[in-house]
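I opened this notebook to keep track of what I looked up, beginning with the ligand surroundings and going on to the charged pairs. My entries follow below the structure.

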Amino acid sequence: MSNPSASAPQTPAIVLEDVHKWYGRVHVLRGLSLSVAAGERIVICGPSGSGKSTMIRCINRLEHHEKGRILVEGTEISDEPRALALIRREVGMVFQSFNLFPHLSVLDNCTLAPIRVRGLARADAEARAMEYLTRVRIPEQARKYPPQLSGGQQQRVAIARALCMQPKIMLFDEPTSALDPEMVREVLDVMIELAESGMTMLCVTHEMGFARRVADRILFMDQGEIVESGAPAEIFDRPRSERLRNFLNQILHQT
Amino acid sequence: MAVHPLYRIARRLISPLVTLVLALILADIAWHFFSWAVLHAVWRLPENAAQAPDTDPCRAAIGHGACWAVVREKFRFILFGFYPYDAQWRPALAVLCFVALFGLSIAPRFWRPSLILLWIAVLAAVGVLMWGGVFGLSFVAADQWGGLPITLILATFGLAAAFPLAILVALARRAEGLPVIRMLAIAYVELIRGVPLISLLFMASVMLPLFLPTGWDIDKLLRAQLAFVLFAGAYLAEVVRAGLSALPLGQYEAAAALGLSYWQKTRLIVLPQALRHVIPMLVNTFIGFFKDTSLVLIIGIFDLMTTGRTATLEPAWQGFGNEVYLLLAAIYFAFCFTMAQISRTLERRLAAPHRDIEEPA
Ligand SMILES: Nc1ncnc2c1ncn2[C@@H]1O[C@H](COP(=O)(O)OP(=O)(O)O)[C@@H](O)[C@H]1O
Ligand SMILES: [Mg+2]
């Protein structure tokens, strides 16, 4: 896959150095190390409970890691307000359960943070919101409220909402897992377009068609570790570890 | 399943029978009330130059006719207590101010930040009207106030102060990162909830002055007001907390992921949803609190309930408490019923839109 910004050596978008996390006494991340180049598209897969969400959520500080370092755009993340503000500005997140604000219209969902956090004028924020709502193909729903939309539409609004902050990095945590099968396609199409526009993406998903098509690299996680990583062809066609083979067997038989 | 035919007949008969009997009983009660309150009621007393009113016609009607003359004679005292008679237009105007303020506040088209300024302005105007001492109004000390304005002042100032307090306390109770503040909030709520309002009022009126430096004297009404704010604050805080816990964690996370600060998140995402969830419970607490203001009678403040009671202590009017209490009940009911209606309107208006009320494209 072509990487438009690979010409000059530059700081990686995301770096994880030996990251550990415990929930109480449960060791859920066991020394993750990873470097993601700007514009790189990474798909993370692995059995349920392997720590995929936890890793993604540590990258935008929804969870704290206890050991190791995480750098976003060269800045080490911590609770230090400036670092925190930087991550939240540069990293957008899409959740499995959409998490749209039900009391705000679709348009207000998209303009809230640009106005309050980025300090945009309302008119500019609305113009930007309409632009992204058009990109996710639901500009006509702007005046509706999230509960009035289908799951697929809500998830596309959630993607537009994150994009309105114009982040450099987008995190997706199983964005299609809560959707009815007939709506998965419309969300994946939007994500494919986004990937082709050169966005840096980390995406937890079991949609293997999507992974094959857009991923530069696939990470396979199990029990808090990155067990294998490589290009889609390596991971899917020449799995080295027993754990990955079992996992691939399971998801192939499921669908 | 086979049902015995007799059972079916009985069932068909029982429901209309019960309805009929209930209707008869209700009609009988209504008739008796009508006969007492209207047909045999004494509306006015004969003109009488003497000091004490001649209540003989009322005495003659006791048992079968209401004496509305007592209300006619005493309503200014019941409404305004010992406030100087000639200046009673001032508390009357204050009451109208309150009613107008409530009326404006429930119209969504006035829901903007300037509404808070309006509240401050109106509450200040009420203070000026009641106290006077400026703009050529004579000064009237708070111990001369009484009746409906007292009830409205205690309830309105009480809730206006208790509600923001409750929100802060509820937020503090959930502040995981600030253990001391959290403990203080918990201690406050649990202490106040564990004590009857009456004892709080006693403490405010008797014990508070003991703790104050000599020469400091806080007005009795203000002390009662403080007790009410603390009391209502604790109960409302629990209601707000229920609303906060009902909010899915994902809402906090989405707001945080978008870079909103704690206060932005709280003001724009959390509170609007959390409070909406608990409107019925909030209004329920408001209503209970409105009626609880009548407990100030035990520390000698003349609220509406106390002026009503006092009106019937006068020898000439003894024995006509029913009529006065009916009037009081009607006034309390008018306010509480209005609050309940407002609650219902708010709930309907603020209900989150659902798929089933999808508007036409
Ligand atoms: N808030 C939490 N408290 C305690 N344990 C948690 C919490 N969140 C996740 N875990 C545990 O951490 C492990 C990793 O979870 P998660 O990252 O959600 O896995 P995945 O997303 O791969 O399914 C699981 O064993 C899960 O039970
Ligand atoms: Mg997960």
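I count a residue as near a molecule or strand if one of its heavy atoms lies within 4 Å of it. This is a predicted model, in which local features need pLDDT of at least 70 and side-chain atom pairs count only at pLDDT 80 or more, while totals for chains, interfaces and linings use all residues. Residues are numbered from 1 along each chain as its sequence is written, chains are lettered from A and ligands numbered from 1 in the order in which they are written, and side-chain values use heavy atoms, with hydrogens and water left out.

**Entry on ligand 1**

I looked up the residues around ligand 1 and found A:Y23, A:V28, A:P47, A:S48, A:G49, A:S50, A:G51, A:K52, A:S53 and A:T54. Helix α1 (residues 52-59) of chain A gives the largest share of this shell, three residues; helices (H or I, at least four residues) and strands (E, at least two) are DSSP runs, numbered from the N terminus.

Next I checked polar contacts (pairs of N or O atoms within 3.5 Å; within protein, one must be able to donate a hydrogen and the other to accept it, and residues adjacent in sequence count only if both atoms are side-chain atoms). A polar side-chain atom of A:S53 lies 2.6 Å from an oxygen atom of ligand 1, and a polar backbone atom of A:S50 is 3.2 Å from an oxygen atom of the ligand.

**Entry on salt bridges**

Which residue forms a salt bridge with A:R243? I found A:D222, with the closest N and O atoms 3.3 Å apart. This pair links distant parts of chain A, 21 residues apart, with A:R243 in helix α9 (residues 242-254) and A:D222 in strand β9 (residues 217-222). For accessibility I used relative accessible area (buried under 20%, exposed over 50%, partly exposed in between; 1.4 Å probe, protein chains only): A:R243 is partly exposed at 34%, whereas A:D222 is buried at 11%.

B:R193 is in helix α7 (residues 179-193) and B:E238 in helix α9 (residues 220-245) of chain B, 45 residues apart. Salt bridges that share partners join B:R173, B:E190, B:R193, B:E238 and B:R241 into one network.

Key: A salt bridge is a side-chain nitrogen of Lys or Arg within 4 Å of a carboxyl oxygen of Asp or Glu.
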